Amino acid sequence: MKDSLIIALDFPDKGQVLDFLVPFGTEQLFVKVGMELFYSEGPSIIEELKKQNHKIFLDLKLHDIPNTVKSAMKVLAGLGCDLVNVHAAGGSEMMAAALEGLDAGTPSGLKRPECIAVTQLTSTSAVQVNEEQLIGVSLQESVLNYAELAKKAGLDGVVCSPHEAGMIHGRLGTKFLTVTPGIRPVESGQQDQKRTATPGFAREQGISAIVVGRPITLAVDPLESYLKIKNDWKGVRI
Ligand SMILES: O=C(O)c1cc(=O)[nH]c(=O)n1[C@@H]1O[C@H](COP(=O)(O)O)[C@@H](O)[C@H]1O
């Protein structure tokens with residue numbers, strides 16, 4: 001997990017995923033399966049990606065009452081993913097229940113998937129936190145509050161933007177994972193993301209893993225884009 005570049009496989013079906021992966025050959029990737037792909041293909045897509053030896057972040061952002069999240073996590077733990085997530089806004093009781101479900105569902109002899117909590121989505125701006133959520137604290141304070149709740153509940157880390165990761169590591173330690181989407185090389189458009197940063201900025205913040213979707217999946221040459229972002233993220237000069 002540490003220092004990973006996670007590719008968001010935001011595709012509508014398995015056929016497009018397999019086509020996308022061809023140029024990567026036998027390189028072991030860390031990939032993210034989100035709602036679109038999982039809802040269209042179901043658990044078989046996880047099996048397929050595991051067969052290809054890739055590490056998997058199953059991003060379903062669970063957010064429900066504790067009992068429902070616990071039961072759902074028990075099922076997801078059986079799929080053999082490396083990383084799963086919940087929304088921190090579901091609260092500390094829900095996050096603790098997610099872990100109970102994962103512990104209960106992890107097949108014996110296997111490692112429980114790591115579990116992280118989404119703080120404030122990277123598509124949310126500071127203005128939206130003030131004017132829509134009406135929570136009375138700044139975006140930064142809200143992210144830190146959610147991160148503290150996640151840590152107290154026993155989670156392994158959080159999803160946040162690259163701009164909050166340094167603050168979170170400073171308060172909660174560097175072992176607590178920060179996984180950051182909203183990564184945009186200078187030449188990429190922002191699309192719906194609000195709190196973005198370059199891979200190089202992410203490296204300077206000591207972020208645990210970055211998540212990159214469209215700058216790779218929509219690139220004319222996805223492999224070239226992946227390698228360029230990876231080099232920038234690892235600080236490799238070419
Ligand atoms: O949990 C996530 O992965 C996530 C959280 C968040 O706050 N923001 C965010 O963009 N994501 C996911 O990260 C990916 C980012 O994709 P791109 O914006 O295309 O790079 C998408 O699959 C999102 O669902």
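Ala, Val, Leu, Ile, Met, Phe, Trp, Tyr, Cys and Pro count here as nonpolar, Asp, Glu, Lys and Arg as charged, and the others, Gly among them, as polar. Welcome to a predicted model, in which local features need pLDDT of at least 70, side-chain atom pairs count only at pLDDT 80 or more, and totals for chains, interfaces and linings use all residues. Residues are numbered from 1 along each chain as its sequence is written.

**View 1. The shell around the ligand.** By class, eight nonpolar, five polar and four charged residues make up this shell. Among the 17 residues around the ligand, A8, L121, P181, G213 and R214 come nearest (a residue is near a molecule if its C-beta atom, placed from the backbone, lies within 6 Å of it). Two or more shell residues come from each of β3 (55–62), β8 (209–212) and α10 (214–217). Helices (H or I, at least four residues) and strands (E, at least two) are DSSP runs, numbered from the N terminus.

**View 2. The closed barrel.** Eight strands form a closed barrel in the order β1-β2-β3-β4-β5-β6-β7-β8, with parallel pairing (two strands pair if DSSP finds at least two bridges between them). On average, neighbouring strands of this sheet are turned by 25 degrees against each other, direction ignored.

**View 3. Strand β3 and its two partners.** Here we can follow β3 from one side to the other. Four bridges join β2 to β3, and the two run parallel; K32 stands opposite F57 in β3. β3 also runs parallel to strand β4 (residues 83–87), joined by three bridges. F57 stands opposite L83 in β4, while the bridge partner of L62 in β4 is V86.

**View 4. Helices on the sheet.** Helix α3 (residues 44–51) lies across β2 (30–33) and β3, running at about 155 degrees to β3. Helix α11 (residues 222–234) packs on the sheet and touches β1 (4–8) and β8, its direction making about 150 degrees with that of β1. Axes are lines fitted to C-alpha atoms, for helices over the stretch in contact, and angles run from 0 to 180 degrees between N-to-C directions. Two residues are in contact if their C-beta atoms, placed from the backbone, lie within 7 Å.

**View 5. Helices α4 and α5.** The axes of helix α4 (residues 66–77) and helix α5 (residues 92–105) come within 7 Å and cross at roughly 30 degrees. That makes α4 roughly parallel to α5 (angles under 35 degrees count as roughly parallel, over 145 as roughly antiparallel, 65 to 115 as roughly perpendicular and the rest as oblique). Their crossing is right-handed; a crossing is left-handed if the near helix is turned anticlockwise from the far one by less than a right angle, and right-handed if clockwise. By class, this contact of α4 with α5 has eleven nonpolar, four polar and four charged residues.

**View 6. Helices α7 and α8.** Helix α7 (residues 139–152) and helix α8 (residues 162–172) pack with their axes 10 Å apart, at an angle of about 45 degrees. That makes α7 oblique to α8. In a right-handed crossing, α7 passes α8. Q140, V143, L144, A147, E148 and K151 in α7 meet E164, M167, I168, R171 and L172 in α8. Sorted by class, the contact of α7 with α8 has six nonpolar, one polar and four charged residues.
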